[in-house]
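Hi everyone, thanks for coming. Please bring up the structure on your screens, and we will walk through it together.

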Amino acid sequence: MTAGDWKAAAAAKRQAILDAIPAKWRIQEPIPSPSKLRDVTGYIQQFLSPRELEITENDAADIAQQTTTGNWTAVEVAEAFCHRAALAHQLVHCLHEVFFDAAIEDAKRLDAYYAEYQKPVGPLHGLPVSLKDQFHVRGVETTMGYVGWIGKFQGNKGDPRRGIFESELVRELRKLGAVLYCKTSVPATLMTGETVNHIIKYTTNPKNRLLSCGGSSGGEGALIALKGSPGGFGTDIGGSVRIPAVFNGLYGMRPSAGRIPYEGAANSMDGQNTILSVIGPLASTARSLRLLFKGVLSQEPWFHDPLVAEIPWRDDIESATRALVEQSATDPSKLAFAMMSHDGMVKPHPPIVRAMRIVEETLKKLGHKIIEWKPPSHSIAVDLAVRAYNADGGADVEHHFGLSGEEPPSPILVKLGVGLPHRSAREVASLNVEKREYQKLYMEYWNSTAELTDTGRPVDGVICPCAPHAAVKPQEYRSIGYTAFVNLLDYTSVVFPVTHADKSIDVPEPRTEFLGDLDELTYIDYDAETYDGAPAGLQIVGRRFQEEKMLTLAEYIGEKVKKATT
């Protein structure tokens with residue numbers, strides 16, 4: 001394609017998304033500019049009926065309680081969320097695909113089933129679930145932000161799977177009774193903490209439209225923050241679930257590889273196995289994450305994806321963790337945590353420093369033991385991760401941009417290994433050895449904390465930032481150190497909200513010494529006025545396959561922090 005051709009194709013696709021929104025759901029009045037109205041999470045409510053507000057203001061767990069008992073019909077719930085998602089897209093550009101008509105038809109079938117059998121199809125019966133635009137849904141296109149994928153199957157013209165193939169996760173969600181109705185925006189390449197492509201342009205943050213919604217599951221984060229979805233699924237290879245979750249004031253989970261099926265999903269750099277991308281849920285509450293995650297595991301995905309481990313939901317681990325939490329009310333020594341104030345490369349902005357302080361003070365007041373986290377150098381982890389991401393010398397990125405001839409839509413997407421040499425099999429093997437050795441070092445350090453906790457166990461979780469900033473100004477996402485180390489180690493991580501940036505409190509302190517150029521640049525980026533109102537959350541990191549434990553602890557900490565700050 002010529003430049004004119006791919007720009008026209010992108011514009012046509014962008015318009016097609018808007019055209020798929022029913023006229024009755026179009027916002028007729030001019031939408032205030034971000035400079036006049038930053039936060040649109042309340043603004044959206046005026047376009048919804050009282051009944052739609054009653055439905056959509058609930059979390060996924062409450063909605064499922066209503067739909068699985070027949071109190072609410074699947075159709076009325078689906079229509080309410082389709083409407084709210086349509087509004088959300090008009091405000092922040094968060095959707096790649098809408099298939100509302102198909103969703104309503106699915107909802108009608110669910111209602112008919114309930115009317116006949118007086119029971120739900122499954123635990124997600126009638127629950128709308130949104131999906132990052134990596135998952136294939138029958139009758140729906142997948143572009144993943146590439147203009148060259150429009151009208152094709154993963155960039156392949158004439159592929160017979162186009163329009164009929166579904167990803168394994170999609171199949172399982174349907175069996176659970178979920179209503180699928182939209183796919184959300186991603187950055188082209190999937191490899192950045194902002195969401196930008198030539199099709200939908202830039203997806204902004206609903207709490208502060210001067211800032212980013214995060215990436216690469218950015219559309220998911222923005223949509224859920226606007227309550228256009230009660231919960232959905234993204235993917236995470238370097239922070240792509242956790243960054244949008246934390247930027248949008250949500251809960252989000254990066255499970256260890258092998259728990260949720262990735263089979264049949266589109267991806268960047270497919271076949272790069274040094275660090276596996278994983279699928280994780282995002283929602284407004286921890287219990288909603290549990291509902292979605294537990295539901296998928298109930299479908300025994302290990303029989304359908306060769307990379308999924310046969311680990312069903314473990315009630316015993318959840319119960320044991322809840323017992324620790326309950327016992328800690330009278331004996332706080334039952335739980336111990338570590339806090340990592342910075343990663344040794346970039347110090348966080350004031351809102352994140354304050355979020356860390358809030359959590360630490362809350363846990364100490366509860367009587368829990370807190371130790372300082374001093375792990376093996378995270379700069380090693382970042383170096384290994386970057387080398388893994390760049391192993392193909394940018395070949396995958398160049399190929400998919402080359403399908404249309406489009407230019408990278410943002411400078412932040414240019415530095416993805418393009419121009420670097422391809423790593424040989426020997427070099428990849430050496431990289432994998434280095435990774436394994438680092439994992440062993442980190443494991444032994446974690447084990448050593450048993451000497452400091454007073455519980456007889458190593459720390460129960462490590463609390464740290466997901467990024468040095470609360471959301472981020474466009475084109476300024478530079479540091480992956482707070483998230484990529486988790487991917488390299490294949491640890492479990494759950495994001496929880498803490499507070500919001502406040503220009504009257506989060507004033508930067510003068511600094512003359514820096515950890516390096518990236519630290520100095522990040523410090524310079526901060527502007528209290530611009531960041532005002534942005535969500536500021538954290539993550540709790542556990543070891544491999546500790547999803548049940550980390551979800552329980554994140555819920556506990558999130559509730560205690562909320563109580564302490566309201």
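Let me start with a question: which residues line the largest cavity? Before we answer, a word on what we are looking at. This is a predicted model, in which local features need pLDDT of at least 70 and side-chain atom pairs count only at pLDDT 80 or more, while totals for chains, interfaces and linings use all residues. Residues are numbered from 1 along each chain as its sequence is written, and side-chain values use heavy atoms, with hydrogens and water left out.

Now the answer. The lining of the largest cavity is made of Gln134, Leu190, Met191, Ser216, Thr235, Ile237, Ser240, Tyr262, Asn267, Ser268 and Ser277. A cavity here is a set of points, on a 1 Å grid over the protein atoms alone, where a 1.4 Å probe fits but cannot get out, and lining residues have an atom within 4 Å of a point. This cavity holds about 50 Å³ of space; grid points are joined across faces, edges and corners, and a volume is the space filled by probe spheres set on the points. Its lining divides into 4 nonpolar and 7 polar residues, with no charged ones. In this scheme Ala, Val, Leu, Ile, Met, Phe, Trp, Tyr, Cys and Pro are nonpolar, Asp, Glu, Lys and Arg are charged, and the others, Gly among them, are polar.

Let's zoom in on Ser216. You will find Ser216 in the loop between β7 (208–212) and α7 (218–225). Helices (H or I, at least four residues) and strands (E, at least two) are DSSP runs, numbered from the N terminus. Is Ser216 buried or exposed? Ser216 is buried, because its relative accessible area is 1%; buried means under 20%, exposed over 50%, and partly exposed in between, with a 1.4 Å probe and protein chains only. Beyond its neighbours within four places in sequence, Ser216 is in contact with residues including Lys132, Ser185, Thr235 and Pro244, where contact means heavy atoms within 4.5 Å.

Look at the polar atoms as well. The backbone oxygen of Leu190 lies 3.2 Å from a polar atom of the Ser216 side chain. The side chains of Ser216 and Ser240 are joined by a polar contact of 3.0 Å. A polar contact is a pair of N or O atoms within 3.5 Å; within protein, one must be able to donate a hydrogen and the other to accept it, and residues adjacent in sequence count only if both atoms are side-chain atoms.

As for Ser240, look in the loop between β8 (231–236) and α8 (242–247). Ser240 counts as buried because its relative accessibility is 6%. Among the residues that Ser240 touches, not counting those up to four places away in sequence, are Lys132, Leu190 and Gly215.

Next, some backbone details. Most residues other than glycine have a negative phi, and most peptide bonds are trans. Here, a cis peptide bond joins Gly215 and Ser216, with omega about 5°. Lys227, which is not a glycine, has a positive phi of about 60°. Lys227 is in the loop between α7 and β8 and is partly exposed, at 30% relative accessible area. Met269 has a positive phi too, near 50°. Met269 lies in the loop between β9 (251–254) and β10 (278–283) and is buried, at 12%.

How many cavities of 30 Å³ or more does a search of the whole structure find? The search finds 3.

One more stop is Glu547, in helix α19 (residues 547–565). Glu547 is buried, with a relative accessible area of 0%.

Terms used: On a 1 Å grid over the protein atoms alone, a cavity is a set of points where a 1.4 Å probe fits but cannot get out, and a pocket is an open set with protein on both sides within 12 Å along at least five of seven lines; lining residues have an atom within 4 Å of a point.
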